[in-house]
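Reader: I am new to protein models and would like to learn how to look at one. Could you take me through it step by step?

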Amino acid sequence: MTKKWLKPVGSVLVAGALLAGVTGVSGTLSPVSTVFADQDVQRNVINVVGKGEISVKPDIAYVSIGVDTQGKTAQEAQKANAEKISKITTLLKTTWQISDKDIQSTQFYVQPNYTYDAKAGQKLQGYNAHHTLVVAYRDLEKVGKLLDAASTAGANNIDNVRFSVENRDQFEAQVIEKAMANADLKAGVIAKAAKRQLGIVLVVSQGDTSDPVVFQNAKMEMMDAASKSGSSTAVQAGEIKVSTQLSVQYEIK
């Protein structure tokens with residue numbers, strides 16, 4: 001006996017034939033089905049990207065303090081480097097009252113230093129040791145003085161100061177609301193231009209789910225203390241940008 005059936009599932013129509021074994025029919029027939037999808041829903045949408053951004057004052061600075069040393073042997077270069085880093089670390093903890101959790105080693109290496117000559121070829125000249133600390137510091141008005149103190153203690157590779165805010169969550173709601181308002185505006189303009197009406201929001205996704213709020217480095221100005229007698233390094237925190245973006249899909253009528 002043969003059974004035929006039609007079953008609507010939402011906007012998808014499924015049609016098929018199920019054949020069961022009948023006396024006198026040899027062999028086995030497998031079920032066969034065909035799926036027809038209604039594409040109209042996919043045509044009646046608008047996809048836009050909404051962007052939200054605010055300017056805020058930073059409340060924390062991440063200072064990169066490095067020490068480079070040389071030696072005839074790897075052990076000599078490493079020992080000289082360790083002594084300077086120890087002196088700087090002690091200074092940060094005692095004089096500047098910076099806790100252990102706010103001092104982190106991010107880079108350390110010892111590598112050979114070679115010179116090249118057309119006749120002699122490659123020749124070992126000694127070893128270089130490098131160690132970098134990233135220090136979180138919250139008194140932004142004293143960042144310049146902190147850099148000067150680290151330099152006096154032996155730091156000779158200070159190449160980056162990044163400003164940010166410690167509690168990022170407090171600004172996330174603001175930038176998301178701005179991004180959503182921006183998406184609404186864009187979608188409304190597109191719908192009007194297409195002589196259609198904007199419907200409900202169907203899908204929303206954030207651009208970066210791991211760290212949805214992006215903090216940009218602040219513009220800073222640093223002046224060499226040695227260039228001005230009696231002056232210290234000046235670091236201007238300014239303002240930083242907090243931003244995010246949303247991908248939003250709307251229904252249009």
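Reader: Which residue of strand 7 is the bridge partner of Ala61?

Author: Welcome! This is a predicted model, where local features need pLDDT of at least 70, side-chain atom pairs count only at pLDDT 80 or more, and totals for chains, interfaces and linings use all residues. Residues are numbered from 1 along each chain as its sequence is written, and side-chain values use heavy atoms, with hydrogens and water left out. Strands are DSSP runs of E with at least two residues, and helices are runs of H or I with at least four, numbered from the N terminus. In strand 7, Ala61 has as its bridge partner Tyr137.

Reader: How many bridges join strand 5 to strand 7?

Author: Two strands pair if DSSP finds at least two bridges between them. Strand 5 covers residues 60-71 and strand 7 covers residues 121-137, and they run antiparallel. The number of bridges joining them is 11.

Reader: In what order do the four strands of the open sheet lie, and which are the edge strands?

Author: The pairing in this open sheet is antiparallel, and the order is 6-7-5-8. An edge strand pairs on one side only, and that holds for strand 6 (103-117) and strand 8 (157-164).

Reader: Is Asp102 buried or exposed?

Author: Asp102 sits in the loop between helix 2 (74-94) and strand 6. Buried means under 20% relative accessible area, exposed over 50%, and partly exposed in between, using a 1.4 Å probe and protein chains only. Because its relative accessibility is 11%, Asp102 counts as buried.

Reader: With which side chain does the side chain of Asp102 make a polar contact?

Author: Contact means heavy atoms within 4.5 Å. Leaving aside neighbours within four places in sequence, Asp102 is in contact with Val134, Val135, Ala136 and Arg138. A polar contact is a pair of N or O atoms within 3.5 Å; within protein, one must be able to donate a hydrogen and the other to accept it, and residues adjacent in sequence count only if both atoms are side-chain atoms. At 2.9 Å, the partner is the side chain of Arg138.

Reader: Why does Val201 count as partly exposed?

Author: Val201 belongs to strand 9 (residues 198-206). Not counting residues up to four places away in sequence, Val201 touches Met180, Val248, Gln249 and Tyr250. Val201 counts as partly exposed because its relative accessibility is 36%.

Reader: What pLDDT does the protein chain average?

Author: pLDDT is the predictor's confidence in each residue, from 0 to 100. It stays under 50 over residues 2-38, and it is below 50 over residues 209-229. Where pLDDT is low, the predicted coordinates should not be read in detail. In the protein chain, 74% of the residues score at least 70, and the average is 80.
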